[in-house]
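Have a look at the structure first, and then we can go through the pairs together.

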Amino acid sequence: MRLVYSEELADLATSMARMCSLATDDMELATHALLQVDLVAAEKVLQSTSEMSRLATENEERGFALLALQAPVARDLRQVVTSIQLVQDLVRMGTLAGHVAKIVRRRHPEPVLPEPVNGYLAEMGRVAVSLGRSATEVLLNRDPAQAATLAQQDDAVDDLRRHLFTLLTVREWKWGVACAVDVTLLGRYYERFADHAVEVAQRVIFLATGEYATTPESDPEEPSPSSEELVRRFNETDRAFKQRMAQREPGEGDGSPQGA
């Protein structure tokens with residue numbers, strides 16, 4: 001009986017990792033659709049929502065069944081409760097990938113992005129997908145040290161989103177209000193995807209150690225930067241970003257899904 005219970009716990013953990021992998025695959029494909037104006041890829045992302053919903057329902061039901069029938073305690077209880085909590089983070093990651101695909105479908109056959117911001121969204125997509133892959137790994141290996149590194153990786157997405165916002169507000173924007181709204185939403189979708197990947201990692205830390213890690217919040221007393229300071233930061237970030245992109249290998253970070 002105990003062997004069956006252990007197998008059920010292991011299966012639940014594997015299924016949670018599958019959900020994370022599926023959401024990450026969807027975001028990678030959605031980014032490809034965004035950068036390559038690929039409607040077929042966007043539709044594939046939207047079609048995968050049924051599989052994500054099935055897994056979410058199945059995993060929640062399995063978790064509640066384990067609570068009701070096995071009465072787990074200590075670490076096993078943490079695993080079951082954490083798995084139930086993880087479902088919504090993982091579903092949200094898949095939903096955010098779907099939001100990116102919906103923008104592509106709505107604007108098709110026109111590209112969503114003007115050329116000057118293509119590189120920024122490509123980089124946001126690359127980092128978000130990397131975080132998703134790392135979150136999948138920590139769900140499988142339960143390594144709290146590796147899980148703790150995801151918060152630092154998330155900083156890159158936050159910086160890029162701030163840079164996009166500065167691009168929209170400080171520099172002259174030539175591509176209209178609708179495009180500005182799309183770029184703003186896309187930046188938010190990638191940032192939230194990365195945030196949920198970090199949340200997954202924090203829940204793994206709790207599972208492994210019994211302590212819930214939190215990321216430090218920004219100081220609410222810190223004054224808002226002036227327009228001149230925003231311009232200075234924008235120019236510095238812009239130069240650093242272009243240098244980083246110039247050092248990339250040809251084709252790296254172009255939004256093409258792995259194996260394409």
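**Salt bridges in this predicted model**

A network of salt bridges links Arg 18, Glu 51, Arg 54, Glu 58 and Arg 62. A salt bridge here is a side-chain nitrogen of Lys or Arg within 4 Å of a carboxyl oxygen of Asp or Glu. Searching the whole structure turns up 16 salt bridges.

This is a predicted model, where local features need pLDDT of at least 70, side-chain atom pairs count only at pLDDT 80 or more, and totals for chains, interfaces and linings use all residues. Residues are numbered from 1 along each chain as its sequence is written, and side-chain values use heavy atoms, leaving out hydrogens and water.

**Pairs within a helix** (helices are DSSP runs of H or I, at least four residues, numbered from the N terminus)

- In helix H3 (residues 49-70), Glu 58 and Arg 54 sit four residues apart, about one turn, and their closest N and O atoms are 3.1 Å apart.
- Helix H5 (residues 115-141) holds Glu 123 and Arg 126, three residues apart, with a closest N to O distance of 3.0 Å in their salt bridge.
- Arg 188 and Glu 191 are three residues apart in helix H8 (residues 176-209), and their salt bridge spans 2.8 Å, N to O.

**Exposure of the partners** (buried is under 20% relative accessible area, exposed over 50%, partly exposed in between, with a 1.4 Å probe and protein chains only)

- Glu 58 is partly exposed at 29%, and Arg 54 is partly exposed at 40%.
- Glu 123 is buried at 4%, whereas Arg 126 is partly exposed at 35%.
- Arg 188 is partly exposed at 37%, whereas Glu 191 is buried at 10%.

Conventions
Helix = DSSP H or I, 4+ residues; strand = E, 2+ residues; numbered from the N terminus.
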